[in-house]
Amino acid sequence: MLKVVLALSGLLALVSADCSGIERQVVKAQWASAYGLGVDRENIGIEVWEAVFEQEPEARALFERVNGNDLYSKQFKAHSVRVTTGIDMCVGLLDDPATLQAQLAHLKAQHIERKIPDNYFEAMKNALIKVLPRHLSCFNQHAWSNCLDELNNAIKGGE
């Protein structure tokens, strides 16, 4: 009986920790709805960065080159759009594993080069999970958490 309980517990942990096919589709659909067009994209980026810096105020120092002290500056807005475009690309590739892995390897190299600490990936995940429900009538936190964990784990540089 103990073996059955352990096996079921392990299976449940495995299922709940993966970004399943259904969760990938949910995340893709919700992102497309929330991310919107034009100025919506700029606004969501600002909201996400506000939430990141709320959790990790010292992270602003990484963004001096793009005027991270002023989220509304042209430089930081451009940076924010680059980041959200990267998120958009990864979410769009959730159902294309080979291309997604290539993109994540590219992003990993960039983040290692910039010495981004692993805890900032968690801050970005938390920020997205905080901000996205404001833009959606029905937010699936479980799907987002699982899929963001998968993306983050592939990008983290081990800092």
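This is a predicted model: local features need pLDDT of at least 70, side-chain atom pairs count only at pLDDT 80 or more; totals for chains, interfaces and linings use all residues.
Visitor: OK, and how many disulfides does a search of the whole structure find?
Guide: Searching the whole structure gives 1 disulfide, and the cysteines that it joins are C19 and C147, with an S to S distance of 1.8 Å.

Visitor: Which parts does that pair tie together?
Guide: C19 sits in the loop between α1 (2-17) and α2 (21-35), while C147 belongs to helix α7 (residues 141-155), so the link ties together parts that are 128 residues apart in sequence.

Visitor: Right-handed or left-handed, that link of C19 and C147?
Guide: The link is right-handed, with 75 degrees about the S-S bond.

Visitor: And C147, what does it count as at 1% relative accessibility?
Guide: C147 counts as buried at that value.

Visitor: What about C90 and C138, buried or exposed?
Guide: C90 is buried, with a relative accessible area of 4%, but C138, for which the relative accessible area is 57%, is exposed.

Visitor: Switching topic, where is the place of S80?
Guide: S80 is found in helix α4, which covers residues 74-92, and with a relative accessibility of 3% this serine counts as buried.

Visitor: Which residues does S80 touch, not counting those up to four places away in sequence?
Guide: Leaving those sequence neighbours aside, S80 touches G45, I46 and W49.

How values were computed:
Residues are numbered from 1 along each chain as its sequence is written. Side-chain values use heavy atoms; hydrogens and water are left out. Helices (H or I, at least four residues) and strands (E, at least two) are DSSP runs, numbered from the N terminus. Buried means under 20% relative accessible area, exposed over 50%, partly exposed in between (1.4 Å probe, protein chains only). Contact means heavy atoms within 4.5 Å. A disulfide is a pair of cysteine sulfur atoms within 2.5 Å.
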